[in-house]
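Time to look a few things up and jot them down.

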Amino acid sequence: MGAQDTICALASGPPPSAIAIIRISGPAVAEVGKRFLASGLPEPKRASLTYIYDTSGELIDQGIALHARAPHSYTGEDTLELYLHGGPAVIDHALRALTSVSGIRLAEPGEFTRRAFENGKLDLTEAEGVADIIEAETTAQKSQALRQLGGGLTEIYDTWREELTGALALIEVMIDFPDEGDVPEDTVRPILERLAKVIAEIETGLGDRGVGERIRDGFRIAIVGPPNAGKSSILNRLARREAAIVTDIAGTTRDIVEVRIILGGQVVWIADTAGLRETEDVVEAEGVRRARRAAAEADLRIHVIDGAAPSPPPGPIEAQDIVVFNKADARPAILAPDGALPVSAVTGEGIDTLESWIAGFVSQRAASVEAPVITRARHREKLAAGLASLVSAREALAQDIGAELAAEDVRMALRQLSSVIGKVDVEDVLGAVFSKFCIGK
């Protein structure tokens, strides 16, 4: 990846389409305008209808050219966008012609946005917001991504960094002038107040039960219960397709089978798990172990009671969990425990209600945090590390262990917070972030 290369890529959807956008960014934009456009490079931010030719003079297409001059562009570099007809032949001809010029190559995934980051047009959380809004399937995902793209997370992190920078300055005063009259008499108290404020706000962010990540990645729901209770049949009903194999043989499901659906305006992953029982079969035992792990990690569990042989659910039931009494078509619902939902995977009875209960849960959970400050595991990891450093700094100051130790802890916390938005020490995370983008971004 050469920083001085000019890059190009299809920045719109795959062909065929009504319009295709070819994006070009880098120092060779002026040369492209001179060699490819009949009208020459248009004035910045003025659309120009022109014929586009390749270097041998063969017509590629007639389209619109739009030029932006650095730094007033998405990437912060000179850019040119060509709006062409969206046929595969036109797109292929245009990209082959562009990359035939020395110094122009196809962009790598996320390279346009990475250049925007490197040129100060976006910070790292805003760049992640670009990727999230492209992939958004629900209104909740779109709203969260737009807030992140608009700098909502940056504002919060910058506020924390400002508070900690002020605290660090006061600690440095204590270190540099321990016996001087210029040092305020009560320097420690305002430092502890600043640290306490940031610590409390970070703890609140970390205590969101992963709502931001769940909105982005999906809520996890596990269907658990004994063998042959009808778990796979219920999954198929919810998925509206035969996602899991259903037989009368106990232990048919031995691994996790997941389906992805939209309920309550949220992405939901529903997992069918192996029947919970003691077994000598090594493979089935591994399935049971995975089932228990999936249940423990899930946001919500659907405990299935076999109506043909009712028994209490084998696992612990949390307050938000749902208990269903399956095979209600063949067994009287009066046998269902109090609070259990009678359903029939055969007839579909109760499935609509089950969907409504799930939708209500994920909607309520998503709304439980007004504006999540964590939308990715990367953010959570950095925040947790920063919080640990701040707690150490607070203890060092409160117990008078040493201002030097406290200062180093605050510096460490600042580095962790700064790395979330890409201010320092982020080279190790850039590849992971931008490699998941589409080519044209």
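I started with how elements get their names: helices (H or I, at least four residues) and strands (E, at least two) are DSSP runs, numbered from the N terminus. What I have here is a predicted model, where local features need pLDDT of at least 70, side-chain atom pairs count only at pLDDT 80 or more, and totals for chains, interfaces and linings use all residues. Residues are numbered from 1 along each chain as its sequence is written, and side-chain values use heavy atoms, with hydrogens and water left out.

Entry on rings. I looked for aromatic pairs (Phe, Tyr or Trp rings, the six-membered one for Trp, with centres within 6.5 Å; planes under 30 degrees apart are stacked, over 60 edge-to-face, the rest tilted). I found one in the structure. Buried or exposed, I wondered about Tyr-157 and Trp-160? Both are buried (under 20% relative accessible area; exposed is over 50%, partly exposed in between; 1.4 Å probe, protein chains only).

Entry on charges. I checked for a charge over a ring (NZ of Lys or CZ of Arg within 6 Å of the ring centre and within 35 degrees of the ring normal). The charged end of Arg-23 sits over the ring of Tyr-74, 5.3 Å from its centre. I also have Arg-23 over the ring of Phe-112, at 5.5 Å from the centre.

Entry on strands. I traced an open, mixed sheet of six strands, ordered β8-β9-β7-β10-β11-β12. Pairing takes at least two DSSP bridges between two strands. At the edges I noted β8 (257-263) and β12 (341-342), each pairing on one side only.
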